[in-house]
Amino acid sequence: MAEATGIQLVISPEAESEAPLCPHGPTLLFAKINRKKKEARRFYACAACRDRKDCNFFQWENEKVSLTRQLARKEFNQSRQPPFTHKQYVERYQQFVSLPLANRVFCLDCQLLLLPRDWGKHASHHRLGDVSLQQLRRPSHLLLPLENKKTNAQYLFADRTCQFLLDLIVSLGFRKVLCVGTPRLHELIKLHQFEKNSPVIKSQLLDIDFRYSQFYSEEEFCHYNMFNHYFFGGKSAFEASQTFLCQENGESVIMVTDPPFGGLVEALAHSFKKIVAMWKTSQNKDEELPIFWIFPYFFEARILQCFPTFSMLDYQVDYDNHTLYKHGNSGRKQSPVRIFTNLSPKSIILPAEEGYRYCSLCQRYISSANRHCEICQACTSKDGREWKHCHICNKCVKPSWYHCDTCSRCALQDHSCETAGSGCFICGSAEHKRRECLKVAFQNKIIKKSKSRKQKYLEKNKEGAGNKSKQGRGSRRGKSKRKLKKKNKQ
């Protein structure tokens, strides 16, 4: 276990076998590390949701859960599942397609294809009528994207990116595509197949968005959580995916995945390795499943740690429903999303009309601004801009970075130096952060004590002042009464 503060994912067969279930499948085991006390406490939490508001499951590793609580949890998990089974969704779709165009209604509020018997329940909802067959073939345009950054982050490929990926897959000779979290690519392949274009490409979509069950058969879509390799449809869904991965009649398979950018790389890699194992089992070969993993370039080190044979392509992936990740932007506004693959970069041709060119020294296609560094012996740019070489760091860095002698590294000119930025900036120790600083805790304790003492003093004085004023008023009244008595006697 790494010596670091914070939360760390624990991956082990024991943790997986004993993991309790939440509505999103088996939970993941995490370790809450306290470096100061040199101890770690482990707990289970949801694999899909980082925000407790989306899924509040929490259980300590050795916590004893009563039977009553287990039954309540099972009932709750069941209540959070889709209203229909995949088989029922398929039956509803067949009935929906057979309806006249005027009777094909889609509920925008419930994101559901409505049959005539459902109209009464959805009478007050926002609805879309006259749903055409063409619209049904592009469900990602019909469904509202799930844009919760901490759970789904359903950013959808732009048509340019989809077409490039499909053309690339065809040119590389693949005839089956396992689309993990890439509904737009799956749609385009299905359209390609419907229009009877050659060659014939088959596709299967694995996605956590169950709404796609309304539009695809059990062989074409599996409700799937890529963070824990969980098939919501159980054994039948797992077998459907395993069957798809079988390479029959020379139909080679490639996996294309576009996970949420906020997801844990280690958890994703663990699931993808299980998919690779499924593919190997179906082939009885000790080869690697070809993969396109679409992710931001700044995760390169972590991806390579999990998949050392991967390399990053310069191609910029863009999305329809993301304000920044779009093609055509320049400078720092360019899309940071790239393609990581275990295929040889030499075999992947990037479109020249978009500014990509071939570097004969690196033997791969690069972006127009990427320049070959004679010292690094590579085309070093990662973000689409031309990078510069730092002779002190002995590597190429971003054009906006400068070498800092204090930090002994390159960084932005207005950055906080390592001596001030790392560790605790109250006492200067590099062993802990400010929130764990004993000096701060001691200072806060003194402040609280001084505040309470001051408060007590003020309250006491206030009470004393009040009593004195009362006593003063009483004594004056007494004096005036005595004077009156004297006058009366005289």
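Student: In what order do the eight strands of the open sheet stand, and is the pairing mixed or of one sense?

Tutor: The structure is a predicted model, in which local features need pLDDT of at least 70 and side-chain atom pairs count only at pLDDT 80 or more, whereas totals for chains, interfaces and linings use all residues. Residues are numbered from 1 along each chain as its sequence is written, and side-chain values use heavy atoms, with hydrogens and water left out.

The eight strands form an open sheet in the order β13-β12-β11-β10-β14-β15-β17-β16, and the pairing is mixed. Here helices (H or I, at least four residues) and strands (E, at least two) are DSSP runs numbered from the N terminus, and two strands pair if DSSP finds at least two bridges between them. Strands of a sheet pair through backbone hydrogen bonds, either parallel or antiparallel. The edges are held by β13 (230-231) and β16; each has a single partner strand, so one side of each is left without a neighbour in the sheet.

Within this sheet, β15 (residues 291-296) pairs with β17 in the antiparallel sense, over five bridges. Phe-295 has Arg-338 in β17 as its bridge partner. Helix α6 packs on the sheet and touches β10 (176-180), β14 (253-257), β15 and β17. Contact means heavy atoms within 4.5 Å. The direction of α6 makes about 155° with that of β15; axes are lines fitted to C-alpha atoms, for helices over the stretch in contact, and angles run from 0 to 180 degrees between N-to-C directions.

For accessibility, buried means under 20% relative accessible area, exposed over 50%, and partly exposed in between (1.4 Å probe, protein chains only). Asp-159 is partly exposed at 47%, whereas Arg-138 is buried at 18%.

Arg-160, also in helix α6, has a salt bridge with Asp-318 at 2.6 Å, N to O. Asp-318 lies in the loop between β16 (311-312) and β17 (337-341), 158 residues from Arg-160. Both partners are buried: Asp-318 has a relative accessible area of 7%, and Arg-160 has 18%. A salt bridge also joins Arg-160 to Glu-354, with the closest N and O atoms 2.8 Å apart. Glu-354 is in the loop between β17 and β18 (357-359), so the pair ties together parts that are 194 residues apart in sequence. Glu-354 is partly exposed, at 26% relative accessibility. Salt bridges that share partners join Arg-138, Asp-159 and Glu-187 into one network.

Pro-199 lies in the loop between α7 (183-194) and β11 (202-207).

Another open sheet, of four strands, has the order β1-β4-β5-β6 with antiparallel pairing. Its edges are β1 (6-10) and β6 (58-60), each with a single partner strand, so one side of each is left without a neighbour in the sheet. Strands β4 (residues 28-34) and β5 (residues 39-45) run antiparallel and are joined by seven bridges; Ile-33 stands opposite Ala-40 in β5.

As for the setting of these sheets, the protein has twelve helices and 25 strands. Of its 490 residues, 42% count as buried. Among contacts between residues at least 6 apart in sequence, 56% join residues at least 24 apart.

Key. A salt bridge is a side-chain nitrogen of Lys or Arg within 4 Å of a carboxyl oxygen of Asp or Glu.
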